[in-house]
Amino acid sequence: MSTRSAVLRPLGVAALVVAALAAAGLALPSWLLFLATMAIAHAVVALGLVFMMRGGLVSFGQGLPFCLGAYAAGLAGPWLGLADAVWLLILGGITAGVVAAVFGPLLARYRGIFFAMLTLALSMVLYGLLVKATALGGSDGLNIARPAILGVEPTAETADYALFLLAIVTAGILSAIAAAHFNSVRGLMSLAVKENELRVEYMGASVRSMMAVNFVVAAVYGGIGGALAAIALGHIEPTFAYWTTSGEIVFLAILSGQVSVVAVFVASLILELVRSFANLYFPETWQLALGAFLLAVILFLPKGIGSIWHRGPASRRGPAADEPVADGPVTDGPLAKESGR
(Lines give C-alpha, C1' and ligand atoms only; values in the text may rest on other atoms or scores of the structure.)
Protein backbone atom coordinates (compact mmCIF):
# COMPACT_ATOMS: atom_id res chain seq x y z
CA MET A 1 0.00 0.00 0.00
CA SER A 2 1.42 3.41 -0.99
CA THR A 3 1.78 6.29 1.45
CA ARG A 4 -0.97 8.23 -0.26
CA SER A 5 -3.46 5.36 -0.15
CA ALA A 6 -2.52 4.63 3.45
CA VAL A 7 -3.69 8.15 4.32
CA LEU A 8 -6.65 8.54 1.96
CA ARG A 9 -8.23 5.14 2.65
CA PRO A 10 -8.81 5.76 6.39
CA LEU A 11 -10.21 9.20 5.59
CA GLY A 12 -12.64 7.72 3.04
CA VAL A 13 -13.78 4.98 5.39
CA ALA A 14 -14.20 7.48 8.23
CA ALA A 15 -16.28 9.79 6.02
CA LEU A 16 -18.62 6.95 5.05
CA VAL A 17 -19.05 5.81 8.65
CA VAL A 18 -19.71 9.36 9.85
CA ALA A 19 -22.34 9.89 7.14
CA ALA A 20 -24.06 6.61 8.04
CA LEU A 21 -24.08 7.42 11.75
CA ALA A 22 -25.36 10.94 11.10
CA ALA A 23 -28.31 9.50 9.17
CA ALA A 24 -28.95 6.85 11.83
CA GLY A 25 -28.86 9.47 14.56
CA LEU A 26 -32.00 11.09 13.19
CA ALA A 27 -34.00 8.05 14.31
CA LEU A 28 -32.38 7.61 17.74
CA PRO A 29 -33.98 8.85 20.96
CA SER A 30 -32.31 11.58 22.98
CA TRP A 31 -31.14 9.27 25.74
CA LEU A 32 -29.35 7.03 23.26
CA LEU A 33 -27.75 10.00 21.52
CA PHE A 34 -26.37 11.18 24.85
CA LEU A 35 -25.14 7.70 25.74
CA ALA A 36 -23.45 7.36 22.34
CA THR A 37 -21.79 10.76 22.76
CA MET A 38 -20.36 9.77 26.13
CA ALA A 39 -19.21 6.44 24.70
CA ILE A 40 -17.39 8.28 21.90
CA ALA A 41 -15.75 10.63 24.41
CA HIS A 42 -14.38 7.72 26.45
CA ALA A 43 -13.38 5.84 23.29
CA VAL A 44 -11.31 8.79 22.08
CA VAL A 45 -9.35 8.71 25.35
CA ALA A 46 -8.91 4.93 25.07
CA LEU A 47 -7.76 5.29 21.46
CA GLY A 48 -5.01 7.58 22.67
CA LEU A 49 -4.01 4.94 25.19
CA VAL A 50 -3.72 2.41 22.35
CA PHE A 51 -0.95 4.58 20.89
CA MET A 52 1.13 3.82 23.98
CA MET A 53 0.03 0.20 24.36
CA ARG A 54 1.26 -0.60 20.85
CA GLY A 55 4.69 0.46 22.09
CA GLY A 56 4.48 -1.71 25.17
CA LEU A 57 3.49 1.02 27.68
CA VAL A 58 0.30 1.15 29.73
CA SER A 59 -0.64 4.39 31.44
CA PHE A 60 -2.75 4.22 34.60
CA GLY A 61 -3.07 7.98 34.53
CA GLN A 62 -5.17 8.75 31.47
CA GLY A 63 -7.51 10.53 33.85
CA LEU A 64 -4.93 13.33 33.85
CA PRO A 65 -5.39 14.48 30.22
CA PHE A 66 -9.09 13.60 30.40
CA CYS A 67 -9.52 15.95 33.36
CA LEU A 68 -7.27 18.65 31.91
CA GLY A 69 -9.29 18.72 28.71
CA ALA A 70 -12.57 18.84 30.62
CA TYR A 71 -11.47 21.72 32.85
CA ALA A 72 -9.97 23.60 29.91
CA ALA A 73 -13.30 23.37 28.10
CA GLY A 74 -15.25 24.29 31.22
CA LEU A 75 -13.15 27.31 32.16
CA ALA A 76 -12.57 28.65 28.65
CA GLY A 77 -16.02 30.24 28.58
CA PRO A 78 -15.86 32.40 31.71
CA TRP A 79 -12.10 33.02 31.53
CA LEU A 80 -11.40 33.34 27.80
CA GLY A 81 -14.84 34.06 26.38
CA LEU A 82 -14.81 30.99 24.11
CA ALA A 83 -18.32 29.73 23.48
CA ASP A 84 -17.92 27.41 20.49
CA ALA A 85 -17.64 23.67 21.05
CA VAL A 86 -15.12 23.18 18.25
CA TRP A 87 -12.68 25.62 19.83
CA LEU A 88 -13.26 24.03 23.24
CA LEU A 89 -12.27 20.61 21.87
CA ILE A 90 -9.14 22.06 20.30
CA LEU A 91 -8.26 23.90 23.51
CA GLY A 92 -8.78 20.73 25.55
CA GLY A 93 -6.41 18.78 23.34
CA ILE A 94 -3.77 21.51 23.32
CA THR A 95 -3.89 21.94 27.11
CA ALA A 96 -3.43 18.23 27.77
CA GLY A 97 -0.74 17.98 25.09
CA VAL A 98 1.30 20.87 26.53
CA VAL A 99 1.23 19.40 30.03
CA ALA A 100 2.17 15.97 28.65
CA ALA A 101 5.08 17.51 26.73
CA VAL A 102 6.53 18.70 30.04
CA PHE A 103 6.49 15.25 31.64
CA GLY A 104 6.85 13.11 28.51
CA PRO A 105 10.67 13.14 28.22
CA LEU A 106 10.98 12.13 31.88
CA LEU A 107 8.36 9.38 31.82
CA ALA A 108 9.72 7.96 28.55
CA ARG A 109 12.75 6.72 30.48
CA TYR A 110 10.64 4.22 32.43
CA ARG A 111 8.90 0.99 31.48
CA GLY A 112 6.43 -1.45 32.96
CA ILE A 113 4.94 -0.86 36.37
CA PHE A 114 7.19 2.15 37.03
CA PHE A 115 5.72 4.03 34.07
CA ALA A 116 2.18 3.01 35.02
CA MET A 117 2.50 4.11 38.64
CA LEU A 118 4.18 7.41 37.77
CA THR A 119 1.35 8.34 35.42
CA LEU A 120 -1.17 7.32 38.08
CA ALA A 121 0.62 9.49 40.63
CA LEU A 122 0.45 12.52 38.34
CA SER A 123 -3.26 11.98 37.83
CA MET A 124 -3.91 11.71 41.55
CA VAL A 125 -1.87 14.86 42.22
CA LEU A 126 -4.16 16.75 39.86
CA TYR A 127 -7.17 15.26 41.63
CA GLY A 128 -5.87 16.40 45.00
CA LEU A 129 -5.19 19.92 43.74
CA LEU A 130 -8.65 20.27 42.21
CA VAL A 131 -10.40 19.02 45.34
CA LYS A 132 -8.66 21.74 47.36
CA ALA A 133 -9.19 24.48 44.75
CA THR A 134 -12.35 26.19 46.00
CA ALA A 135 -12.11 28.74 43.18
CA LEU A 136 -12.73 25.87 40.76
CA GLY A 137 -15.65 24.44 42.71
CA GLY A 138 -13.66 22.09 44.93
CA SER A 139 -14.98 18.54 45.14
CA ASP A 140 -18.36 19.61 43.72
CA GLY A 141 -16.95 20.94 40.47
CA LEU A 142 -18.59 23.50 38.23
CA ASN A 143 -21.48 23.60 35.80
CA ILE A 144 -20.70 24.82 32.30
CA ALA A 145 -23.00 26.51 29.82
CA ARG A 146 -23.98 24.74 26.63
CA PRO A 147 -21.74 26.10 23.85
CA ALA A 148 -22.57 26.83 20.24
CA ILE A 149 -21.35 24.56 17.46
CA LEU A 150 -19.68 26.35 14.57
CA GLY A 151 -21.47 29.53 15.60
CA VAL A 152 -24.93 27.92 15.65
CA GLU A 153 -26.85 27.82 18.91
CA PRO A 154 -28.70 24.47 19.09
CA THR A 155 -32.20 24.46 20.51
CA ALA A 156 -33.28 22.24 23.39
CA GLU A 157 -34.80 19.77 20.90
CA THR A 158 -31.74 19.58 18.65
CA ALA A 159 -28.95 19.91 21.22
CA ASP A 160 -28.43 16.16 21.71
CA TYR A 161 -28.30 15.45 18.00
CA ALA A 162 -26.03 18.43 17.30
CA LEU A 163 -23.58 17.26 19.96
CA PHE A 164 -23.78 13.73 18.59
CA LEU A 165 -22.83 15.07 15.15
CA LEU A 166 -19.89 16.91 16.66
CA ALA A 167 -18.82 13.73 18.45
CA ILE A 168 -18.93 11.46 15.41
CA VAL A 169 -17.12 13.98 13.19
CA THR A 170 -14.41 14.40 15.83
CA ALA A 171 -14.16 10.65 16.26
CA GLY A 172 -13.98 10.15 12.48
CA ILE A 173 -11.08 12.59 12.11
CA LEU A 174 -9.15 11.18 15.07
CA SER A 175 -9.80 7.59 13.96
CA ALA A 176 -8.51 8.29 10.45
CA ILE A 177 -5.36 9.86 11.90
CA ALA A 178 -4.85 6.89 14.21
CA ALA A 179 -5.39 4.32 11.45
CA ALA A 180 -2.98 6.12 9.13
CA HIS A 181 -0.40 6.32 11.90
CA PHE A 182 -0.70 2.65 12.86
CA ASN A 183 0.03 1.66 9.25
CA SER A 184 2.89 4.14 8.88
CA VAL A 185 6.58 3.44 9.40
CA ARG A 186 6.55 5.14 12.78
CA GLY A 187 3.44 3.25 13.86
CA LEU A 188 4.93 -0.08 12.88
CA MET A 189 8.14 0.90 14.63
CA SER A 190 6.16 1.16 17.87
CA LEU A 191 5.20 -2.50 17.48
CA ALA A 192 8.88 -3.30 16.96
CA VAL A 193 9.71 -1.46 20.19
CA LYS A 194 7.20 -3.62 22.01
CA GLU A 195 8.84 -6.78 20.68
CA ASN A 196 12.51 -5.84 21.00
CA GLU A 197 13.44 -2.36 22.16
CA LEU A 198 17.18 -2.93 21.98
CA ARG A 199 17.05 -4.02 18.33
CA VAL A 200 15.17 -0.83 17.40
CA GLU A 201 17.90 1.21 19.08
CA TYR A 202 20.51 -0.65 17.01
CA MET A 203 18.59 0.38 13.89
CA GLY A 204 19.24 4.01 14.77
CA ALA A 205 15.80 4.99 16.08
CA SER A 206 15.39 6.74 19.42
CA VAL A 207 12.99 4.67 21.50
CA ARG A 208 12.80 7.30 24.22
CA SER A 209 11.74 10.07 21.84
CA MET A 210 9.24 7.72 20.20
CA MET A 211 7.64 6.88 23.54
CA ALA A 212 7.59 10.55 24.52
CA VAL A 213 5.78 11.46 21.30
CA ASN A 214 3.27 8.63 21.82
CA PHE A 215 2.66 9.91 25.35
CA VAL A 216 1.93 13.42 24.06
CA VAL A 217 -0.34 12.14 21.29
CA ALA A 218 -2.25 10.02 23.81
CA ALA A 219 -2.64 13.11 26.00
CA VAL A 220 -4.01 15.17 23.11
CA TYR A 221 -6.60 12.47 22.42
CA GLY A 222 -7.39 12.32 26.14
CA GLY A 223 -7.85 16.08 26.33
CA ILE A 224 -10.22 16.12 23.37
CA GLY A 225 -12.22 13.26 24.89
CA GLY A 226 -12.38 15.06 28.22
CA ALA A 227 -13.58 18.28 26.61
CA LEU A 228 -16.27 16.38 24.71
CA ALA A 229 -17.44 14.63 27.89
CA ALA A 230 -17.57 17.93 29.77
CA ILE A 231 -19.64 19.58 27.06
CA ALA A 232 -22.05 16.63 26.96
CA LEU A 233 -22.44 16.48 30.74
CA GLY A 234 -22.50 20.24 31.27
CA HIS A 235 -20.41 19.70 34.38
CA ILE A 236 -16.76 19.27 35.41
CA GLU A 237 -15.46 17.78 38.63
CA PRO A 238 -12.18 16.44 40.09
CA THR A 239 -13.28 12.80 39.77
CA PHE A 240 -12.37 13.07 36.10
CA ALA A 241 -8.76 12.63 37.29
CA TYR A 242 -9.51 9.95 39.90
CA TRP A 243 -7.89 6.53 39.60
CA THR A 244 -11.20 4.81 38.85
CA THR A 245 -11.58 6.92 35.70
CA SER A 246 -8.08 5.96 34.56
CA GLY A 247 -8.79 2.31 35.34
CA GLU A 248 -11.93 2.39 33.23
CA ILE A 249 -9.97 3.78 30.29
CA VAL A 250 -7.33 1.08 30.64
CA PHE A 251 -9.95 -1.63 30.80
CA LEU A 252 -11.70 -0.20 27.75
CA ALA A 253 -8.45 -0.31 25.76
CA ILE A 254 -7.86 -3.92 26.83
CA LEU A 255 -11.46 -4.85 26.06
CA SER A 256 -11.23 -3.48 22.52
CA GLY A 257 -7.76 -4.81 21.74
CA GLN A 258 -5.02 -3.15 19.70
CA VAL A 259 -5.76 -4.50 16.23
CA SER A 260 -8.67 -2.28 15.20
CA VAL A 261 -9.53 1.38 15.64
CA VAL A 262 -13.24 0.68 15.18
CA ALA A 263 -13.14 -1.86 17.99
CA VAL A 264 -12.36 0.87 20.52
CA PHE A 265 -15.62 2.67 19.75
CA VAL A 266 -17.63 -0.55 19.57
CA ALA A 267 -16.28 -1.66 22.94
CA SER A 268 -17.02 1.71 24.50
CA LEU A 269 -20.61 1.72 23.24
CA ILE A 270 -21.18 -1.85 24.43
CA LEU A 271 -19.73 -1.00 27.83
CA GLU A 272 -21.97 2.06 28.19
CA LEU A 273 -25.07 0.09 27.16
CA VAL A 274 -24.34 -2.79 29.52
CA ARG A 275 -23.65 -0.44 32.40
CA SER A 276 -26.80 1.59 31.73
CA PHE A 277 -29.15 -1.38 31.45
CA ALA A 278 -27.50 -3.22 34.35
CA ASN A 279 -28.04 -0.16 36.51
CA LEU A 280 -31.65 0.03 35.34
CA TYR A 281 -32.67 -3.60 35.86
CA PHE A 282 -30.25 -4.54 38.65
CA PRO A 283 -29.94 -1.34 40.70
CA GLU A 284 -28.58 -3.17 43.74
CA THR A 285 -26.19 -5.52 41.98
CA TRP A 286 -25.47 -3.79 38.69
CA GLN A 287 -21.72 -3.86 39.36
CA LEU A 288 -21.92 -7.64 39.63
CA ALA A 289 -23.79 -7.91 36.32
CA LEU A 290 -21.29 -5.59 34.64
CA GLY A 291 -18.35 -7.52 36.06
CA ALA A 292 -19.78 -10.83 34.86
CA PHE A 293 -20.14 -9.45 31.35
CA LEU A 294 -16.60 -8.11 31.32
CA LEU A 295 -15.18 -11.39 32.58
CA ALA A 296 -17.04 -13.26 29.86
CA VAL A 297 -15.56 -11.01 27.18
CA ILE A 298 -12.05 -11.47 28.55
CA LEU A 299 -12.52 -15.24 28.76
CA PHE A 300 -13.84 -15.77 25.25
CA LEU A 301 -12.09 -12.85 23.49
CA PRO A 302 -8.67 -12.59 25.13
CA LYS A 303 -7.33 -10.43 22.26
CA GLY A 304 -10.21 -7.99 22.47
CA ILE A 305 -13.41 -7.35 20.59
CA GLY A 306 -11.46 -6.31 17.50
CA SER A 307 -10.20 -9.88 17.06
CA ILE A 308 -13.72 -10.90 15.98
CA TRP A 309 -13.32 -9.33 12.53
CA HIS A 310 -9.64 -8.43 12.35
CA ARG A 311 -7.38 -11.45 12.07
CA GLY A 312 -4.24 -9.47 11.37
CA PRO A 313 -1.54 -9.95 8.71
CA ALA A 314 0.24 -12.72 10.61
CA SER A 315 -2.70 -15.10 10.39
CA ARG A 316 -2.91 -14.62 6.64
CA ARG A 317 0.78 -15.22 6.01
CA GLY A 318 1.28 -18.24 8.20
CA PRO A 319 2.18 -19.02 11.80
CA ALA A 320 1.86 -16.21 14.31
CA ALA A 321 4.93 -14.36 15.43
CA ASP A 322 4.66 -15.70 18.96
CA GLU A 323 4.41 -19.38 17.92
CA PRO A 324 7.41 -21.53 18.88
CA VAL A 325 9.93 -22.21 16.16
CA ALA A 326 11.98 -25.39 16.01
CA ASP A 327 15.61 -24.94 17.05
CA GLY A 328 18.28 -25.50 14.44
CA PRO A 329 20.88 -23.81 12.30
CA VAL A 330 20.05 -20.93 10.01
CA THR A 331 20.25 -22.29 6.47
CA ASP A 332 18.75 -19.48 4.42
CA GLY A 333 18.66 -15.70 4.27
CA PRO A 334 21.20 -12.95 4.98
CA LEU A 335 22.11 -14.29 8.42
CA ALA A 336 23.22 -17.57 6.85
CA LYS A 337 25.39 -15.75 4.33
CA GLU A 338 27.00 -13.63 7.02
CA SER A 339 27.72 -16.63 9.20
CA GLY A 340 29.19 -18.57 6.27
CA ARG A 341 26.54 -21.34 6.28
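Trainee: This is a predicted model, so let's get into it. How many nonpolar, polar and charged residues are in the lining of the second largest pocket?

Mentor: Sort the lining of the second largest pocket by class, and three groups come out. The tally is six nonpolar, five polar and three charged residues.

Trainee: Which elements give two or more residues to that lining?

Mentor: The pocket holds about 270 Å³ of space. It is lined by 14 residues, with His42, Thr244, Thr245, Glu248 and Arg275 closest to its centre. The elements that supply two or more lining residues are H2, H9 and H10.

Trainee: And which element gives the most to the lining of the second largest pocket?

Mentor: Go by the number of lining residues each element gives. The top contribution is five residues, and it comes from H10.

Trainee: Which residues lie nearest the centre of the largest cavity?

Mentor: Its lining divides into ten nonpolar and four polar residues, with no charged ones. Helices H3 (63–80), H4 (85–107), H5 (112–132) and H9 (207–233) each put at least two residues into that lining. Out of the 14 lining residues, those nearest the centre are Gly61, Leu64, Pro65, Phe215 and Ala219.

Trainee: Which helices are included in what covers the buried residues of H11?

Mentor: First, look at which residues are buried: in H11 they are Val261, Ala263, Val264, Phe265, Ala267, Ser268, Leu271, Glu272 and Ala278. An α-helix has 3.6 residues a turn, so residues three or four places apart point the same way. The cover over the buried residues of H11 includes helices H2 (30–53), H6 (159–182), H10 (243–256) and H12 (286–300).

Trainee: How many residues of H6 are buried?

Mentor: H6 runs 34 Å from its first C-alpha to its last, close to the 34 Å expected for its 24 residues. H6 is mostly covered, and its buried residues number 18 of 24.

Trainee: Is Thr37 buried or exposed?

Mentor: Thr37 lies in helix H2. Beyond its neighbours within four places in sequence, Thr37 contacts Leu163, Phe164, Ala167, Leu228 and Ala232. Its relative accessible area is 2%, under the 20% cut-off, so Thr37 is buried.

Trainee: Which residues does Gly138 touch, not counting those up to four places away in sequence?

Mentor: Gly138 is in the loop between H5 and strand E1 (142–143). Its relative accessibility is 6%, so Gly138 counts as buried. Its C-alpha is 10.0 Å from that of Tyr127, eleven residues away along the chain. Setting those sequence neighbours aside, Gly138 touches Leu130, Val131, Ala133 and Pro238.

Trainee: And Met189: leaving aside its neighbours within four places in sequence, which residues is it in contact with?

Mentor: Met189 belongs to helix H7 (residues 185–195). With a relative accessible area of 18%, Met189 is buried. Its C-alpha is 8.8 Å from that of Ala205, 16 residues apart in sequence. Leaving those neighbours aside, Met189 contacts Val200, Met203 and Met210.

Trainee: Is Leu150 buried or exposed?

Mentor: Leu150 sits in the loop between E1 and H6. Its phi is near 55 degrees, a positive value in a residue other than glycine. At 67% relative accessibility, over the 50% cut-off, Leu150 counts as exposed.

Trainee: Zooming out, what percentage of the residues of the protein count as buried?

Mentor: The protein has 14 helices and two strands. Of contacts between residues at least 6 apart in sequence, 79% join residues at least 24 apart. Among the 341 residues of the protein, the buried share is 45%.

How values were computed:
Residues are numbered from 1 along each chain as its sequence is written. This is a predicted model: local features need pLDDT of at least 70, side-chain atom pairs count only at pLDDT 80 or more; totals for chains, interfaces and linings use all residues. Side-chain values use heavy atoms; hydrogens and water are left out. On a 1 Å grid over the protein atoms alone, a cavity is a set of points where a 1.4 Å probe fits but cannot get out, and a pocket is an open set with protein on both sides within 12 Å along at least five of seven lines; lining residues have an atom within 4 Å of a point. Helices (H or I, at least four residues) and strands (E, at least two) are DSSP runs, numbered from the N terminus. Ala, Val, Leu, Ile, Met, Phe, Trp, Tyr, Cys and Pro count as nonpolar, Asp, Glu, Lys and Arg as charged, and the others, Gly among them, as polar. Buried means under 20% relative accessible area, exposed over 50%, partly exposed in between (1.4 Å probe, protein chains only). Contact means heavy atoms within 4.5 Å. Grid points are joined across faces, edges and corners, and a volume is the space filled by probe spheres set on the points. The expected span of a helix is 1.5 Å times one less than its number of residues.
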